Amino acid sequence: MHRRLFLSSLTAAGSVTVSGRLWAAPKTDTRLLVVFLRGAYDAANVVIPVSSDFYYQSRPTLAIARPASGAANAALPLDADWGLHPALKDTVYPLWQQKQIVLVPFAGTDDVTRSHFETQDTIELGQGITGSRDFRSGFMGRLASVLTKPTPIAFTDRVPLTFQGGTAIPNIAINAVGKPAVDDRQVKLIESMYTGHKLSAAVAEGFTVRDDVYRSISEEMAAASRGAVTPKGYELSARRIARLMRDQFNLGFVDVGGWDTHVNQGGATGYLADRLAELGRGLAGFADEIGRAAWHDTVVVVISEFGRTFRENGDKGTDHGHGSTYWVMGGGIKGARIAGEQIRVEQANLFQNRDFPVLTDYRSLLGGLMQRIYGLDAARLDKVFPKSSPKDLAIV
């Protein structure tokens, strides 16, 4: 594996003895970027169970048409059971076709509170949910402590919980965007233009509905996102992140807010589709900007605190759920696979008759991935994810 200048001395520390065995010092040739979608994205409308009739019965206004349906904006085919949201056609789907992405449905945590804040904390801490938890110790901070000369960074406005503990790390804020493009002054000007016109009421109502929807989404979303950058902000900043990780850093974290879709979520088009398009352009831009050689030695993991209710609600949205779908991307992974344990998507298999179940624990998934890319021994893995057994999905 080719090593660049800033990684050239990572194995210089030699080896250590653990339980009487001689282990090589953990290598950090591979860059790791964790992308946290705060607010709980609707995984079932992104990696879509297209073989499930129950999915189409449960989502009369939100469902994405089957790939072979001939419908405009149908799901993109992944395998016989799964499809991808059409908003990702020109960005993430090409990575699937190039075998550079693995999708892991039914993934998540054993935290069943459905609380944004508590479950985000659970994931960032990487500790068990029983007993006391140390809020000064996040799993990425512990990972940095067991690697040889890591160069970590958080692309956030403050050091996130996941990097707490150990040595101080740099953080770089990414400006958030996403307010309505037409401000109040412009709204008044437009409404004045239609005074006395037969469309006057429709124009005024249109702006009122827009503002009501924006408020209903953004008020809870702002809290759920905890100040994370919006998908649009991530799209604009992803290339900058790629340059920094290509040249200076090998362990990164960025959070992207805007995924709490209780109202007017949309299906093939609409609010969620627009956010996915922005996220997809950001991820594809990151892969392009980091360069072919560096991309081969880079792994990007996209996670969220939980999924959303399988059935759509009365406001044409989805509520807080449980199981999600994680993405693992990179130029050197064994991609174009739906990985991990799976079950048929039908009512009898829902968790508490409302959500995707969790069949792949996030700590086991990430632990198995870290074991693969860093060669971590059991003692170091237990430090990163205490009392958790790694699950090797052979992703890299």
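1. Basis of the note. This is a predicted model, in which local features need pLDDT of at least 70 and side-chain atom pairs count only at pLDDT 80 or more, while totals for chains, interfaces and linings use all residues. Residues are numbered from 1 along each chain as its sequence is written, and side-chain values use heavy atoms, with hydrogens and water left out.

2. Overall composition. The chain has eleven helices and 13 strands. Helices (H or I, at least four residues) and strands (E, at least two) are DSSP runs, numbered from the N terminus. Of the 396 residues, 53% count as buried. Buried means under 20% relative accessible area, exposed means over 50%, and partly exposed lies in between (1.4 Å probe, protein chains only). Among contacts between residues at least 6 apart in sequence, 73% join residues at least 24 apart; a contact means heavy atoms within 4.5 Å.

3. Two strands pair if DSSP finds at least two bridges between them. Two bridges join β4 to the antiparallel strand β6 (residues 83-84), and I48 stands opposite G83 in β6. Strands of a sheet pair through backbone hydrogen bonds, either parallel or antiparallel.

4. Salt bridges between and within elements. A salt bridge is a side-chain nitrogen of Lys or Arg within 4 Å of a carboxyl oxygen of Asp or Glu. By this rule the count comes to 17. In one of them, R243 is joined to E289, the closest N and O atoms being 3.3 Å apart. R243 lies in helix α7 (residues 231-247) and E289 in helix α8 (residues 271-290), so the pair ties together parts that are 46 residues apart in sequence. R243 is partly exposed, at 36% relative accessibility. The side chains of D247 and R246 also meet in a salt bridge, at 3.0 Å from N to O. Both residues are partly exposed: D247 has 41% relative accessibility, and R246 has 25%.

5. A buried pair and a network. R380 forms a salt bridge with D377, with the closest N and O atoms 2.4 Å apart. Both R380 and D377 are buried. Elsewhere, salt bridges that share partners join R239, R243, D288 and E289 into one network.

6. Residue T298. The side chain of T298 reaches the backbone oxygen of A294 at 2.6 Å. Leaving aside neighbours within four places in sequence, T298 is in contact with T30, R31, F286, I290, M329, G330 and G331.

7. Residue Q120. Q120 is placed in helix α3 (residues 116-125). Its relative accessible area is 0%, so Q120 is buried. The C-alpha atoms of Q120 and A40 are separated by 9.4 Å, although these residues are 80 residues apart along the chain.

Methods
A polar contact is a pair of N or O atoms within 3.5 Å; within protein, one must be able to donate a hydrogen and the other to accept it, and residues adjacent in sequence count only if both atoms are side-chain atoms.
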